[in-house]
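Load the model in your viewer and keep the sequence panel open. The stops below are given in the order in which to select them.

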Amino acid sequence: MRAKRGVRRGFGVLLALTLTLTASTARGAGAGAAPPAEPAAPDAPPPPAIARAWPVGTRPLVLRAWEPPPSPYARGHRGVDLAAASGAPVRTVAAGRVHFAGRVAGRGVVSVELSGTGTPPLRTTYEPVTAAVEKGTEVAAGEVVGTLEPGSGHCATPCLHWGLLRGDTYLDPLTLLPPWLLHRGPSRLLPVLGVPLPEPLHARAGRIGSRRRLSPVHRATPSPQLCP
């Protein structure tokens, strides 16, 4: 009888210990589990179209557009890639102050805080670029801030990676370009108002001929005869 009671008591202790270990393991797994991915930031209003120039060229080819990632750690394309030749001058698209000029992971980077764009200010980035400016330099729109370095493997051909941020949020840099700059085509000659059109050549030639026909004919006046 006593033996049976001992067996039952031992079984109860073992069951309680098993349940305790199971609960502890579950709590430990929950505590050590990776936190859920941080959701993407809500869509912000588009930046003001304050750019006055493209970073390179006059209307460069966009090799890869901006592809916002669904979360801060997800894959995407945080900027645009513009085709350009190595050594091409790189310009700031709008006036501001150089926020950074140096090398990051072996690549030259220039970053410019744009003036009058709120708090935190908009910040453009250009890479790979050999900087021609220093941190704190005030730059005007279209001012050269460096030259494009040879291909760094980001593109199959030489390109400039142009980025835009507000704080830690990446934005589409093409939204800085006003429509007249973003969609500008080849130059065209416009008519000049208030200036008379030139006279056709055949009309001018006929008018000159009629003047010649109406002009007096100069005849030779006979000299007086001398009397013998």
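**Stop 1: the loop at Ala105**

Select Ala105, which lies in the loop between strand E4 (96-104) and E5. Helices (H or I, at least four residues) and strands (E, at least two) are DSSP runs, numbered from the N terminus. Ala105 has a positive phi of about 55° although it is not a glycine. Most residues other than glycine have a negative phi, and most peptide bonds are trans. Ala105 counts as exposed, at 79% relative accessibility. Here buried means under 20% relative accessible area, exposed over 50%, and partly exposed in between (1.4 Å probe, protein chains only).

This is a predicted model, in which local features need pLDDT of at least 70 and side-chain atom pairs count only at pLDDT 80 or more, while totals for chains, interfaces and linings use all residues. Residues are numbered from 1 along each chain as its sequence is written, and side-chain values use heavy atoms, with hydrogens and water left out.

**Stop 2: the whole protein**

Zoom out and colour by secondary structure. There are 3 helices and 11 strands, and along the sequence they follow the pattern α-β-β-β-β-β-β-β-β-β-β-β-α-α. Of the 228 residues, 27% are buried. The accessible surface is about 16000 Å², and 62% of this surface belongs to carbon and sulfur atoms; the areas come from the Shrake-Rupley method with a 1.4 Å probe, and for residues only the protein chains shown count as cover.

Contact means heavy atoms within 4.5 Å. Among contacts with a separation of 6 or more, 64% are between residues 24 or more positions apart.

**Stop 3: two cis prolines**

Select Thr119 and Pro120. A cis peptide bond joins Thr119 to Pro120, with omega about -5°. Pro120 is in the loop between E5 and E6.

Next, select Glu127 and Pro128. The peptide bond from Glu127 to Pro128 is cis as well, with omega near -5°, and Pro128 sits in the loop between E6 and E7.

**Stop 4**

Because 7 of its 8 residues are buried, E10 is largely enclosed by the rest of the structure. Two strands pair if DSSP finds at least two bridges between them. Take the partners of E10 in turn:

- E2 pairs with E10 in the antiparallel sense over 4 bridges; the bridge partner of Ala83 in E10 is Cys159.
- E6 is joined to E10 by 6 bridges, again antiparallel; the bridge partner of Thr125 in E10 is Gly163.
- Strand E11 (residues 169-171) pairs with E10 in the antiparallel sense over 3 bridges; Leu164 has Leu171 in E11 as its bridge partner.

E10 and E11 form a hairpin with 2 residues between them, and Gly167 in the turn has a positive phi of about 70°.

**Stop 5: the disulfide**

The torsion about the S-S bond of Cys155 and Cys159 is about 75°, so the disulfide is right-handed. Are the two cysteines, Cys155 and Cys159, buried or exposed? Cys155 is buried at a relative accessible area of 17%, and Cys159 is buried at 8%.

**Stop 6: the three-stranded sheet**

Select E3, E9 and E7. They form an open sheet of 3 strands in the order E3-E9-E7, with antiparallel pairing. Strand E3 (89-91) and strand E7 (129-131) are the edge strands, each pairing on one side only. Neighbouring strands are turned by 40° against each other on average, direction ignored; axes are lines fitted to C-alpha atoms, for helices over the stretch in contact, and angles run from 0 to 180 degrees between N-to-C directions.

The antiparallel strands E3 and E9 are joined by 3 bridges. Pro89 stands opposite Thr147 in E9.

**Stop 7**

Finish at Val90. Not counting residues up to four places away in sequence, Val90 touches Pro55, Val56, Tyr126, Val129, Glu143, Val144, Val145, Gly146, Thr147, Leu148 and Leu160.

A nonpolar core is a set of buried Ala, Val, Leu, Ile, Met, Phe, Trp, Tyr and Cys residues joined through side-chain atoms within 4.5 Å. The largest such core has 30 residues, of which Val90, Tyr126, Trp162, Leu176 and Leu177 touch the most other members.

Notes:
Disulfide = S-S within 2.5 Å.
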